[in-house]
Number of protein chains: 2
Amino acid sequence: MTEFINEYCMHDHTCGELRASDVDAQVTLTGWVWHNRDHGGLIFVDLRDREGYTQIVIDPDCVSEEEFHVAEHLGREFVLKITGKVRARAEGTVNPNMATGEIEVLASGIEVLNTSVTPPFSIEDGIETDETTRMKWRYMDLRRPEMYKNLKLRHTVAQAMRKALNERGFLEVETPILANSTPEGARDYLVPSRPNPGKFYALPQSPQQFKQMLMVGGIERYYQIARCFRDEDLRADRQPEFTQVDIEMSFVQENDVIDMMEGVFKEVLEAAGVEHEFPLQRMPWKEAMDRFGCDRPDIRFGMELVELTEIVRGCGFGVFAKAVEAGNIVKAINAKGAGDWSRGDIDKLADIASANGAKGMAWIAYTTDGKEKSPIIKFLGDEVHAKIKEAMNVEPGDLVLFAADTFDIANAVLSALRLHMAEALNIPRDGHKLLWVVDFPMFKYDEETKKYAAEHHPFTMIPKSDWDKIETDPMACGSYSYDIVMDGFEAGGGSIRIHNAELQKRVLKRCGVDDEDMEVKFGHLIHALELGAPPHGGIAIGLDRLVMLLAGKDSIRDVIAFPKTSSAADPMTGAPNEVTTRQLKEVNLRTL
Amino acid sequence: MTEFINEYCMHDHTCGELRASDVDAQVTLTGWVWHNRDHGGLIFVDLRDREGYTQIVIDPDCVSEEEFHVAEHLGREFVLKITGKVRARAEGTVNPNMATGEIEVLASGIEVLNTSVTPPFSIEDGIETDETTRMKWRYMDLRRPEMYKNLKLRHTVAQAMRKALNERGFLEVETPILANSTPEGARDYLVPSRPNPGKFYALPQSPQQFKQMLMVGGIERYYQIARCFRDEDLRADRQPEFTQVDIEMSFVQENDVIDMMEGVFKEVLEAAGVEHEFPLQRMPWKEAMDRFGCDRPDIRFGMELVELTEIVRGCGFGVFAKAVEAGNIVKAINAKGAGDWSRGDIDKLADIASANGAKGMAWIAYTTDGKEKSPIIKFLGDEVHAKIKEAMNVEPGDLVLFAADTFDIANAVLSALRLHMAEALNIPRDGHKLLWVVDFPMFKYDEETKKYAAEHHPFTMIPKSDWDKIETDPMACGSYSYDIVMDGFEAGGGSIRIHNAELQKRVLKRCGVDDEDMEVKFGHLIHALELGAPPHGGIAIGLDRLVMLLAGKDSIRDVIAFPKTSSAADPMTGAPNEVTTRQLKEVNLRTL
């Protein structure tokens, strides 16, 4: 990049480039007026471009009268071309916090390439401007050094991903955006087809079907940095259109994909300047649920879940005893450092528990001065309480929070409480920590609809030893599926796919697909599997979220150039348009 | 790639890899049964993967009885894993036309990874299978070596493009697919927005507005291999969704972009194995029109247009004389080698002329035996005819075809006839020839609507010396725009953009944009230009067409994995779906 960055343009140096070693060089810079001020008859301008900024000095003795007049009337964000000579800054004015802080450029020529009206907000990092304003003038927001840094990080990550995959024999293949509905679960965006009245394309929720077809088509190793679409409501970590690094390989087993991806992630993290140990930990799904209560654990801190089911079985506290009797579980976390919290503050935690499905939340606080506070100690009895204290490794200053419920609810409650307490207690979670979660169950069971569905998706391969349980004991079916988890987020997930047509039909049938849908919705897939489909599997990495985490941001809106916002109405923010009746008529539609 | 191609998978060599130097190596291959035959008690299988194919020999003495039985019942396109030993082929059976033709693999183990029903067509290059069938089973079609080669070429071109741009300081930035209507001219695909009843996204016809916003946002150098959408009818060289390499730079003038892109094209062509001279020719638009009759000339052959207007002024042939009198032009081409064509064959050429707007077509044939045949010689008179012969460099065996019409029609007619005659006369057009066409006029005038429109687009910069002609003499306004032309196709086009808000408003007004539209449709752009927009420009390269030309194909359908076809109804070919009334109701629509 350094080779060409100053070629094919009006400048010969960027604004972030000049150093003491360049003193006396004749240079041309272009950029934006960031800050400007008069001092001692001279005009000082911080000229900014994407690479940094350089102090320009305009001395009336060194430029024409006309140019000095121009310099006196510069406004913020004017676009300039400056010719001048690099000189060392006077002693005492060197700025060690600025890459170009040792030098300044004494202008001999000034050209205003464009003017600017007053900017709607200051182009500074860490500005407090509300997001609606930032989004309305997104092009101004993008001029903030931090936004450029984030977009550059995204570029770096994407290129490192491509490089690693290219080297490993993967072919980048584009799959259609104007596609068909596939059973991914979320709502599709529909696109009316003009030559086919009443028929619609669907924007792809993922290229899953296409990438499987590419494997059947003998491409063997495919990837795509693919745009995907889900018509869901906006959230900080979710946009209706998002980007995934979509990867698929033939002639592989689970460990092949995982090993290959470790190499890719190693290169990507290095490119992003993140150090991490490899190989990554591989944690079975069951262990993740037992220890962290969720399948995407943040393992940068402890406060693990401890199962107390056997300890409290038949104890005097009815809530626990009855839960155990009903076949449910009792678990707890120990929030060290919260033992002195007030009863009121602790009670507020019950809201988090109930938001995750619990009916209440039991707790015991151990104050730093040795007291024990709890609504439940008196019921537990000394013996059980002592066992709990031992199991939970209790010390003065600890707060133990309990959940007694089904496996799903107890884990969800304590997982949420664990993350909340880590935040509240300011437990260090710096840096990044990746791991694999493996061995997901194949099916999940919906108590309400009394139906089985795929935990991952119905194209996931089942270990051969479990094939005979599909009809008889589906919940005992394992699967070759794996998620890569980063800092408590799912950074990606994948599986080995079913390449056997008969097995595919059995799994779809188990998931409630009837004979008609089997042909209409899945016929093309099943026919493809009948025509020499190779064993294959893959993974999809959420690029937006990965970059968000690497950039240390809370919102995906900070790592994409033109995000959707719920509030905005400016065309730049992608708010939808009105269309004419004629346009609608062309696609055979009318509004209700 | 060689480093990793055999890692993370079930094989240790590809089917295109083994050579005489590998003899005696123990290897595992995976792939598809391409051809299989029994011979002398042995079974021979050509095992194919994407990299090539290898002859496998199955000898009943070297595998188990069970495995030999399996081998006897293999079908075409079965998926196999073969373990065995490489051995030199017996003398006389070496195949020099096959990369692995010196060796074969004597199997010691056979595993059927998947079976296949009978394929719908043979997986061979150059097959005659009709396109509908190929598209319906596209995954089978993709197994043809040629399709993989084309997709790999596309990958190679895309990666070379990225590498060249990355090195030059360009950032790959993604812009929205759920976007707004922009005035690109073609019909938009609409996407109803569920939370905004009656409002619609439009799929982008190009990221033009977004990339200009990125320049206003200080990104300075942007590119994207961008999906674009136009709701137009299908053609061999046009798909409703297509891919362009979209590029934009700040602080540049026209030659900066052209010079930069020459370096990029040099690297891309090298990666694609194409030799070409650089720098490329730069031909002014006017010269391209004068010499070739079109702005995307195929300069791999001559047969240039010759203007005869002055020669025929006032001549005895009324059609020519009247055309000149009316201010039109008279031009001709000399199709060497067609002088002996029959009158009937020549008369058929008039259809091409009339399809391009001509009222008729004059011609003179000079037969190889020295005769002159023509319906017009007798009117021209000897003197004018002699001058024409001289101007057209006539020899025996030549056929001169004339057009006498407006500048636009005369050129369109002769351009079409030139290409037709090159095809008909089998004039060599091998290899590739790129050139720049520059200096397009800014405006074009529609005689019917009596309106001016932008020749390129209304964001194109006009040379400062022409600014005062925008209102007074628009047809005399030049522009900083440029196309890169390859083998008679427009491979890409771009321009320096207007960065001055006032100038942008004048140009839009000249193109008929009224005050309301100026604010509603272009307000965001104009406001952006008012806030310190840098000088900027760029280009867009049509990736599909570029790869199609490099692959030597006539149809874009041969260089993308899943093209749209008008005739197909299989989900794999992207035919649109029916949707339910409930789905339509969610987006506040009903069918007419």
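Start with the cysteines: a search of the whole structure, a predicted model, turns up zero disulfides over all chains (a disulfide being a pair of cysteine sulfur atoms within 2.5 Å). Cys228(B) is buried, at 0% relative accessible area (buried is under 20%, exposed over 50%, partly exposed in between, using a 1.4 Å probe and protein chains only).

Before moving on, some housekeeping. Residues count from 1 along each chain as its sequence is written, while chains are lettered from A and ligands numbered from 1 in the order in which they are written. Local features need pLDDT of at least 70, side-chain atom pairs count only at pLDDT 80 or more, and totals for chains, interfaces and linings use all residues; side-chain values use heavy atoms, leaving out hydrogens and water.

Next, select Glu184(A), Arg230(A), His456(A) and Arg497(A), listed under "binding site" in an unreviewed UniProt entry (annotations may be inferred rather than shown by experiment). Zoom to Arg230(A), in the chain A loop between β9 (221–229) and β10 (241–250) (strands are DSSP E runs of at least two residues, helices H or I runs of at least four, numbered from the N terminus). Arg230(A) is partly exposed, at 25%.

Finish at Arg497(A), in the loop between β21 (489–496) and α14 (501–510) of chain A. Arg497(A) is buried, at 2% relative accessibility. Show side chains here: that of Arg497(A) makes a polar contact with the side chain of Glu248(A), at 2.7 Å (a pair of N or O atoms within 3.5 Å; within protein, one must be able to donate a hydrogen and the other to accept it, and residues adjacent in sequence count only if both atoms are side-chain atoms).
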